[in-house]
Amino acid sequence: MSVPTRKADYLNVDYGVRSWLFTTDHKRIALLYLIVITIMFAIGGLFALAIRLELLTPAGELLQADTYNKFFTMHGVIMVFFFLIPSIPAVLGNFLVPMMIGARDLAFPRLNLLSWYVLVVGALFALWAMVTGGVDTGWTFYTPYSSTASHTNVIPMALGVFITGFSSILTGLNFIVTIHTMRAPGLTWFRLPLFIWAHYATSVIMILGTPVIAITVALVGIERAFRVGIFDPALGGDPILFQHLFWFYSHPAVYIMILPSMGVISELVTCFSRKRIFGYTFVAASSLLIAVFGFLVWGHHMFVAGQSAYASFIFSFLSMVVAIPSAVKVFNWTATLYRGSIAWDAPMLFALGFIGLFTIGGLTGIFLATLGIDVHVHDTYFVVAHFHYIMVGGAIMAYMGGLHFWWPKMTGRLYPEWIARIAGIVIFLGFNLTFFPQFVLGYLGMPRRYHVYPDEFQVLNVLSTAGASILGVGYLLPLVYLTWSLRYGPAAGPNPWGATGLEWQTPSPPPPENFTQAPEVRDAYDYDTGLAPLPEGARG
Amino acid sequence: MADGGARHLAHHFEDLEQQHQAASLGMWVFLVTEVMFFGGALLTYVVYRARYADAFAHASHHLDVTLGTFNTVVLITSSLTMALSVWSAAADRRRTLVGMLSATMLLGSVFLVVKGYEYAHKFHEHLVPGPFFRYPGPDAPEAELFFSVYFILTGIHALHMVIGIGCLAYLLLRARRGAFTAAWSTPVEMVGLYWHFVDIVWIFLFPLLYLIGRHA
């Protein structure tokens, strides 16, 4: 009599809390990240909900001005530093970077675990700052809002951001070293999946940018703690210097959020149109170009901050240049779709949603890079709508798409497809209803960061709040059915999508060492040639 | 060690060479992040130095060039002993390794003691920025900014020295037990890279803070 045995995989190889909290397996660490950032997303979402409820009526009826300041600050800090920046790299990247290159783990597994703990400690500081009174500086921590003008918990919150930065640095370092040194034999750079290129470019930004935000918030902390005037004009300091230092990181940080999404989209679009990516080299190179140009455009946040007109002109020009590699990606995805055999599975719906919303977000970014228009719409809801199109319409759509696409690999279970498609459509509609009216509001002159507004703006605000509630439902759905699928979902098998990446050559969920036998390296997007292996030495 | 270092091979690497490459690239990438970290602080220095050149030159007269020079020599010598540590590890000379690591730690500690003495002196002269700052002359706010930048830059540097000495202590303990051999001495090499980096930071800080504009 034979007992049916489940092969050892990374989920069942060990049980118990200790086996998770002390794991060095990149796949388990990815799941640890998934749990933490889901919690942070929920907290950030609750703040968003409160903001939208407050803005339902023109008078400040739900929140007082000071409370409102704290709410939008904490919404921004949580979402940017504790959800968006770690989201795709730390969850999907952690899980997939080693698997896609045929490695057994990241180069520094213990460092990888440490980076998760660092994130958790940073998040605990941030939560502590919140429950003991909150912070009202705006997520940008501009001085003097964060120095002489604030009596809130700036130091604990700054400490949280400072600490979390090291999580991002360690993740970036780990990815760079892994991609350089641990690729399977035969997996040359131009055979790598575009997901890997995107994560490589992201990692470069993480290691070059994050240390600068670390020293910047440290300087703000020192200024507050020791009463010195590094950024205080009364003591000879310069508040604009803070803005330069802050945006030197925080603009590239936008690309930390969007580049991994672009990597995800390249995988989804090819798989669900059964086609090779159009212009592989261009899509790969555009990731690096975005990373490079991303460091040269920070001044476009400071057009009205007393920056010289000459500097503004240069920053305006360079900001528009970023549109080129971004457009290369959008055009190449579109060309990949052309005459593809398109399947409308949920990940593809998210991917198509991403392409549309990212395009709108990107084009309005060109509006904002234009000096004259920026002066008109600066600090209005136009800006709020623009960056939500990039960060929510772009980054979170792709995160959702990627999570659905690789869910069978991560858990070994299929999620219920039809309800996932509904969730994708609900999120898309809810998102547009929430944020499109904000473009109009901003163009009409409604400033951001106020809890009251003139009566004439109410209709559009009501639409936005209605959209936000739909969006909220859209985000709750995956939480429910993905959790449900962990127990009740049908077994996925190694490759439910018929995808070509190396990660699909191993059982789902994968064994602890990722591959039972060395994966067969071939062109990353071998969709039209019947999955035939490339001859030795051929280049994809 | 007869095993040629194989027992140090982690499960996820193919061979020691790959593992060594990863460690070394990882360390260099880490040093890049350090450059950016110090770079942010140095930018504040550059901006205010350019804006308040005279005040900064005056304020720098309150730093002790003799002690600064002494410390520079101490640190450069420690870089030599560190380089010799790496060499002796690779050459399988355990006793030299232990000696050189100890010498590096000692020199690093001398640097910190002298730095601490300088800090104490500034404290007595009320040159520590904050409510107790007292400065003769009309450009007191700008001078306070100079000392803020001085304490931040040298403070972060000193913190790096402390961490470096901690790493050296760990190496020393393991070296005494013969952990490092010609086949495998990666940790010594990595701490070496870090130590040299911290030295180089001081090579920048010393002229920027102590020397520029002294004769103006």
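Guide: A:Pro144 sits in the loop of chain A that runs between helix 4 (109-131) and helix 5 (154-181); helices here are DSSP runs of H or I with at least four residues, numbered from the N terminus. The model is predicted, so local features need pLDDT of at least 70 and side-chain atom pairs count only at pLDDT 80 or more, while totals for chains, interfaces and linings use all residues. Residues are numbered from 1 along each chain as its sequence is written, and chains are lettered from A and ligands numbered from 1 in the order in which they are written.

The bond joining A:Thr143 to A:Pro144 is a cis peptide bond, with omega about 0°. That loop between helix 4 and helix 5 of chain A also holds A:Phe141. A:Phe141 is not a glycine, yet its phi is positive, at about 50°. Most residues other than glycine have a negative phi, and most peptide bonds are trans. A:Phe141 is buried, with 24 other C-beta atoms within 10 Å; buried means 20 or more such atoms within 10 Å, exposed 12 or fewer, and partly exposed in between, with C-beta atoms placed from the backbone.

Elsewhere in chain A, A:Arg339 has a positive phi near 60° and is not a glycine either. A:Arg339 lies in the loop between helix 9 (309-337) and helix 10 (346-369). A:Arg339 is exposed, with 9 other C-beta atoms within 10 Å. A cis peptide bond also leads from A:Ser508 to A:Pro509, with omega near -15°. A:Pro509 belongs to the segment after helix 14 (458-488) of chain A.

In chain B, helix 1 (residues 16-51) has 36 residues and reaches 52 Å from its first C-alpha to its last, close to the 52 Å expected at 1.5 Å a residue; the expected span is 1.5 Å times one less than the number of residues. Helix 1 of chain B has a kink of about 25° centred on B:Gly40, the bend being the angle between axes fitted to the seven residues ending there and the seven starting there.

Contacts link helix 1 of chain B to helix 6 of chain B, two residues being in contact if their C-beta atoms, placed from the backbone, lie within 7 Å. The residues on the helix 1 side include B:His20, B:Met27 and B:Tyr45. Those on the helix 6 side include B:Thr186, B:Phe197 and B:Leu208.

How values were computed:
Helix = DSSP H or I, 4+ residues; strand = E, 2+ residues; numbered from the N terminus.
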